[in-house]
Amino acid sequence: MKLSQFKFKLPEELIALNPPMHRDECRLMVLHKKSNTIEMFQKDDDGNPIDGTQKDSEGNIIPAQYLDFRAILNYFDEGDTFVFNDTKVFPARLYGTKEKTDAKIEVFLLRELNKEMRLWDVLVEPARKIRIGNKLFFDDSGTMVAEVIDNTTSRGRTLRFLYDCPHDEFKRELFALGEAPLPHYIVDHRPATEQDMDDFQCIFAKNEGAVTAPASGLHFSRELLKRMEIKGIESAFITLHCALGNFHNIEVEDLTKHKMDSEQMFIHKEACDKVNTAKQNGKHICVVGTSVLKATETAVGTDKMLKEYEGWTNKFIFPPYEFGVADSMITNFYHPMSTLLMETAAFGGYDLVMEGYEQAVKHEYKFGCYGDALLIVDD
């Protein structure tokens, strides 16, 4: 497929800059793959969608009542299995000053390269001001200092932090200086807050390493997970440390020529056993987010069963694609020409997903990591 096939007009006011008041209160759209239908509204006692066209006994229009995320339980039964990404986001965005000039520099931590030497792979902005040998200061006391020791890409640098203390203390002090790594489509309009470190973190986050949240998992509250458990819906957990590659602009029209950045992932035996048992019993497997979909498709065997995996993946999924593990998917609404939209279209079918996006814009659903949710089911 071509890049231009994923272009659509997204009004800026539809990009969610803040999360809903409660995690599970966003709106929900449901795409039914086999019947090729789109569901957006709650239903009345007669099974008719309350879409704003009905009138009450006095002739007044009944306002449209949209599905909210908690309705997701209506589409799954006992034994069905949700697969979550339990990666944990760390406060990756820091602001420092360059020695001598005091120029303000954004430093975005990507990953730690060497614990003993305090080496980190980072992005810097503005990059043109940062050269090998420069020092950056991150606090008023001058105790947290980093030296640039290598250029890796146009914006990429390797930093060595000059901080002599036990590693745990260093990490604690470094992260105390950082903030939630919200995408630029949010922080270009408002600053990150302390609350964002909670809001931009799944409640089941466990394994540190992500520099952006697995956004579809943000919708799950403790109450909703408990209701799933009571209904007998199983939960399996994998880890994929979400990186920034999904936010990079695609610069080629032919999607087969686009290369994704690699992300580290782990799938252990417990998750494989839960997923494969459910599949063998004819139950639904629902992946929560594009990161989980990518991970399970990286680790699926020729028998369409999930295999244990520890390593990296740079899998780029776009239509057409035959999936092996999941038959259902939860995702968010994402930006035009993004890899996240392409992966969603591969799973739900290009025509149906793009029609869903058209309806989402028309009905003013919210887009992005803090936005509304999309459920794709195989019926």
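In helix α8, Leu352, Val353, Met354, Gly356, Tyr357, Gln359, Ala360 and Val361 are buried. Buried means under 20% relative accessible area, exposed means over 50%, and partly exposed lies in between (1.4 Å probe, protein chains only). This is a predicted model: local features need pLDDT of at least 70, side-chain atom pairs count only at pLDDT 80 or more, and totals for chains, interfaces and linings use all residues. Residues are numbered from 1 along each chain as its sequence is written, and side-chain values use heavy atoms, with hydrogens and water left out.

Stay with α8. The helix runs over residues 350–362, 13 residues in total. Helices (H or I, at least four residues) and strands (E, at least two) are DSSP runs, numbered from the N terminus. From first C-alpha to last, α8 reaches 18 Å, close to the 18 Å expected at 1.5 Å a residue. That expected span is 1.5 Å times one less than the number of residues. An α-helix has 3.6 residues a turn, so residues three or four places apart point the same way. What covers the buried residues of α8? The cover includes the strands β1 (28–32), β2 (37–39), β16 (328–332) and β17 (373–377), along with helix α7 (339–348). After α8 comes glutamate 364, with a positive phi near 60°.

Now look at the rings. The structure holds 27 aromatic pairs. Rings of Phe, Tyr and Trp (its six-membered ring) pair if their centres lie within 6.5 Å; planes under 30 degrees apart count as stacked, over 60 as edge-to-face and the rest as tilted. Phenylalanine 6 is buried, at a relative accessible area of 0%. Tyrosine 350 is partly exposed, at 23%.

A second pair joins tryptophan 120 and phenylalanine 175. Their ring centres are 6.4 Å apart and their planes stand at 75°, so this pair is edge-to-face. Here too, distant parts of the chain are linked: tryptophan 120 sits in strand β7 (residues 119–125), phenylalanine 175 in helix α1 (residues 167–176), 55 residues apart. Tryptophan 120 counts as buried because its relative accessibility is 2%. Phenylalanine 175 counts as buried at 15%.

Rings also form a cluster. Ring pairs link Phe8, Phe41, Tyr66, Phe333, Tyr357, Tyr365 and Phe367. Tyr357 is also one of the buried residues of α8. Two lysines lie over ring faces. Lysine 33 is over phenylalanine 347, at 4.4 Å from the ring centre. Lysine 104 is over tyrosine 95, at 4.8 Å. A charge sits over a ring if NZ of Lys or CZ of Arg is within 6 Å of the ring centre and within 35 degrees of the ring normal.

The largest pocket has a volume of about 1,500 Å³. Of its 50 lining residues, Leu110, Ala243, Leu244, Gly245 and His248 are the closest to its centre. Strand β6 gives the largest share of this lining, 5 residues. On a 1 Å grid over the protein atoms alone, a pocket is an open set of points with protein on both sides within 12 Å along at least five of seven lines; in a cavity, a 1.4 Å probe fits but cannot get out; lining residues have an atom within 4 Å of a point. Grid points are joined across faces, edges and corners, and a volume is the space filled by probe spheres set on the points. The largest cavity has a volume of about 180 Å³.

Conventions:
Contact = heavy atoms within 4.5 Å.
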